[in-house]
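Please look over the sequence and the structure shown here before reading on. The report that follows goes from the chain as a whole to the pairing of its strands.

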Amino acid sequence: DYTGNRLFRDERAHNKTIYQKQPDGSQIAKGEPNGVSLRKYDDTYQALNLWAEYKFELPKSHSFTAMVGYNQESKKTSNFYGYVTDLYLNDAPIIDWANTKQKLEEEATIWAVQGAFFRLNYDYAGKYLVEVNGRYDGSSKYASDSRWGFFPSASLGWRLSEEKFFEPVKESVNSLKLRASWGQNGSLSALSGYAYSTDMASSGIYPLTGGNGFTTGVNPASL
């Protein structure tokens with residue numbers, strides 16, 4: 001099972017300088033300086049899911065089901081915005097052909113996850129149930145030394161409604177099951193793409209290399 005999509009958008013706005021012709025033949029520029037703004041947005045997502053299941057039975061009401069699978073997903077977004085003024089050529093809206101760069105910025109999101117999983121089920125006579133699950137997952141949202149984890153789970157079930165002692169009340173309660181389970185899960189919903197990295201921020205003025213000079217420095221915003 002493969003899923004893939006891509007969204008691409010390109011927006012360009014060109015502001016021209018308007019020239020007013022004078023009686024003597026000269027021209028006077030009117031309005032704001034010419035310029036161009038460019039915004040490019042690219043969003044790509046891919047997902048691959050593979051799985052297989054096998055069922056078999058043994059004599060005396062023993063039933064087994066085994067399932068294994070593989071999953072991977074990746075997403076990449078890029079949002080670029082640029083705005084310049086004083087174009088060298090009034091009719092050429094090209095970002096690099098301008099005298100003044102007003103704004104150039106880009107935002108990006110990149111993440112990927114990958115994992116393998118399994119599930120084993122045992123059923124005896126429709127009464128006693130056992131299920132064991134496991135996932136081994138990795139995510140780029142964590143640092144490389146803690147990127148992978150194994151997450152197991154298990155459950156036990158007992159269908160009391162299939163026991164002989166339950167027959168007197170089965171007309172009133174046709175199904176009753178007790179179940180106990182335990183498991184561990186990972187979570188990615190609260191993490192940004194680079195939550196494990198250290199931010200640098202402007203934080204005061206520090207003397208550097210001796211002397212009487214001072215300069216604005218940066219330090220880690222968090223550790």
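Predicted model: local features only at pLDDT ≥ 70, side-chain atom pairs only at ≥ 80, totals over all residues.

## Elements of the chain

## The open sheet

Seven strands form an open sheet with antiparallel pairing, and their order across the sheet is S1-S4-S5-S6-S7-S8-S9. The edges are taken by strand S1 (2-15) and strand S9 (177-183), and because each has a single partner strand, one side of each is left without a neighbour in the sheet. From one strand to the next, the twist averages 10°.

How many bridges join strand S8 to S9? Strand S8, which covers residues 148-159, is joined to S9 by seven bridges, and the two run antiparallel. Across from Ala154 stands Trp182, which belongs to S9.

## Burial, contacts and surface

Of the chain's 223 residues, 21% count as buried, where buried means a relative accessible area under 20%. Among the contacts in the chain with a separation of 6 or more, 55% are accounted for by residues 24 or more positions apart.

Terms used. Residues numbered from 1 in each chain as written. Heavy atoms only, no water. Pairing = 2+ DSSP bridges. Helix = DSSP H or I, 4+ residues; strand = E, 2+ residues; numbered from the N terminus. Axes fitted to C-alpha atoms, helices over the stretch in contact; angles between N-to-C directions. Buried < 20%, exposed > 50% of the residue type's maximum accessible area, 1.4 Å probe, protein only. Contact = heavy atoms within 4.5 Å.
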